[in-house]
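Please work through each task before reading its solution.

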Amino acid sequence: MIRAFGPNEFWFIVMAVQWTLALSAVAFAGGAVGGLLTALARVSGAKPLRYAALGFIRLFQGTPLLMQLFLVFFGLNIFGSGINPWLAASVALTLHASAFLGEIWRGCIEAVPKGQSEACWALGIGYFDRMKSVVLPQAARIAVAPTVGFLVQLIKGTSLASIIGFVELTRAGQIVNNATFDPFTVFGLVAALYFVLCWPLSILAGQLERRFAKASAR
Amino acid sequence: MSANPGADGADAPAVRMEGVEKWYGTYHALKNVDLEVASGERIVVCGPSGSGKSTLIRCINQLEVVQKGRIVVDGIELTAGHKNVDKVRRDVGMVFQQFNLFPHMTVLENCMLAPLKVRRAAKAEAEATARKYLERVRIPEQADKYPAQLSGGQQQRVAIARALCMNPRIMLFDEPTSALDPEMVKEVLDTMIDLAGEGMTMLVVTHEMGFARQVADRVIFMDQGEIVEMAGPEEFFSRPKHERTRTFLGQIAH
């Protein structure tokens with residue numbers, strides 16, 4: 001039986017935005033921790049660490065996000081965690097974000113001039129304080145714009161979690177469409193909502209980039 | 001060699017290098033370098049670019065790792081492990097051609113970072129030390145500015161103050177005036193002359209031959225990774241023994 005697209009359907013889709021945001025927030029927070037560790041491993045003096053991080057990054061850059069979701073989803077099932085789309089989507093997107101942020105931030109750390117580290121070494125400042133007080137604060141300024149840019153990709157990427165049954169924005173759209181058979185309205189609304197989430201972030205990224213360019217030209 | 005740094009008194013050499021060899025890949029940067037620097041001595045190192053003079057002083061605080069030979073700094077054997085490297089770096093200050101100040105910190109914070117993190121100094125004490133040395137390099141009024149707001153000469157003086165805040169026993173200068181506009185060279189050299197007057201052990205890589213004449217106890221000329229000539233400034237400038245030294249002095253005379 002076909003339902004008309006009414007206010008109930010509208011609000012069902014709009015309310016699903018919170019799950020897209022929640023999944024994005026979890027993946028971004030987890031990815032920030034994992035990405036920092038990955039980036040530090042990539043620039044570390046220890047060869048095994050560097051190669052392990054590089055392998056991790058290459059693996060996640062070289063496979064589709066959808067396959068990563070499938071592998072984690074079915075993998076967790078094999079290890080007896082049962083079918084848990086929330087957990088699977090969080091884990092897969094966190095790993096995905098860790099790899100990409102790790103590579104972005106590696107570049108930012110390496111963009112800090114070598115002289116900064118040499119000054120620390122000459123003063124006897126150790127690894128931890130060198131990173132925390134000197135290198136990372138300077139890398140962070142460079143990292144803001146590309147990080148916000150990646151966050152936009154990540155938010156759109158959460159739509160793939162719909163395929164393993166996680167009810168976020170895209171999945172809510174599919175559910176409503178199955179009942180209303182009004183795909184143009186339904187997915188038009190879904191796309192508009194993604195746009196409302198991502199557009200301001202894109203503008204922000206552009207502004208930050210310009211501000212950084214100005215600051216470093218000084 | 002005493003295992004206890006400083007215990008053997010003022011007679012122990014500040015720096016001793018024996019048979020030091022350094023390669024960058026196949027490029028032979030230092031060839032069998034022997035050098036002994038007494039405590040309180042001022043050494044000026046000169047030579048054409050690529051002669052190994054920067055590499056030489058960067059070995060003293062292990063910014064460059066050598067492949068062969070012995071380096072002993074202040075009685076501490078550098079080639080014997082990481083712990084010793086940290087110890088040496090705490091007591092050896094360095095000033096770089098490009099200043100290498102921390103751009104995201106104020107002048108005062110630049111000077112306080114190492115005492116706070118490495119010496120575990122109290123904040124008030126670190127600040128007092130920083131202000132004292134900023135006074136010494138004659139820019140106490142710039143303490144709350146950021147490096148980018150200062151002239152090159154002022155930045156280099158901050159870099160000298162930052163190194164002095166660790167109370168080093170040896171100071172290394174790696175072409176400290178080469179990146180400066182000509183009118184700022186003097187203020188940095190004057191600061192270094194003051195420091196020499198206070199008895200600091202100094203190794204200075206520079207092309208400022210006026211400074212060498214005035215301050216150096218010995219001048220070293222390096223070429224192609226070797227110490228070619230080493231003499232007091234009077235003898236070095238008026239009676240250089242080696243042809244290569246004469247050629248070099250002739251080139252930079254104008």
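**Exercise 1. Helix packing**

Task: Describe the packing of helix 3 (residues 107-117) of chain B against helix 4 (residues 123-136) of chain B in this predicted model.

Solution. 
1. The two helices of chain B pack with their axes 9 Å apart and at an angle of about 125°.
2. Helix 3 of chain B is therefore oblique to helix 4 of chain B, since an angle of 65 to 115 degrees would count as roughly perpendicular and one over 145 as roughly antiparallel.
3. The crossing of helix 3 and helix 4 of chain B is right-handed.
4. On the side of helix 3 of chain B, the contact comprises B:Val107, B:Leu108, B:Cys111, B:Met112, B:Pro115 and B:Leu116. Helix 4 of chain B contributes B:Lys123, B:Ala126, B:Glu127, B:Ala130, B:Arg131 and B:Leu134.
5. Sorted by class, the contact between helix 3 and helix 4 of chain B has nine nonpolar and three charged residues, with no polar ones.

**Exercise 2. Cysteine pairing**

Task: Determine how many disulfides the structure holds over all chains, and examine A:Cys108 and B:Cys165.

Solution. 
1. Over all chains, the number of disulfides is zero.
2. For A:Cys108, the nearest cysteine sulfur belongs to A:Cys120 and lies 18 Å away, and A:Cys108 is in no disulfide. A:Cys108 is buried, its relative accessible area being 6%.
3. For B:Cys165, the nearest cysteine sulfur is that of B:Cys111, 4.5 Å away. A disulfide requires sulfur atoms within 2.5 Å, and B:Cys165 is in none. B:Cys165 also counts as buried, at 4% relative accessibility.

Technical notes:
Residues numbered from 1 in each chain as written. Chains lettered and ligands numbered in written order. Predicted model: local features only at pLDDT ≥ 70, side-chain atom pairs only at ≥ 80, totals over all residues. Heavy atoms only, no water. Buried < 20%, exposed > 50% of the residue type's maximum accessible area, 1.4 Å probe, protein only. Axes fitted to C-alpha atoms, helices over the stretch in contact; angles between N-to-C directions. Helix = DSSP H or I, 4+ residues; strand = E, 2+ residues; numbered from the N terminus. Parallel < 35°, antiparallel > 145°, perpendicular 65-115°, else oblique. Left-handed = near helix turned anticlockwise from the far one by under 90°. Contact = heavy atoms within 4.5 Å. Nonpolar A, V, L, I, M, F, W, Y, C, P; charged D, E, K, R; others polar.
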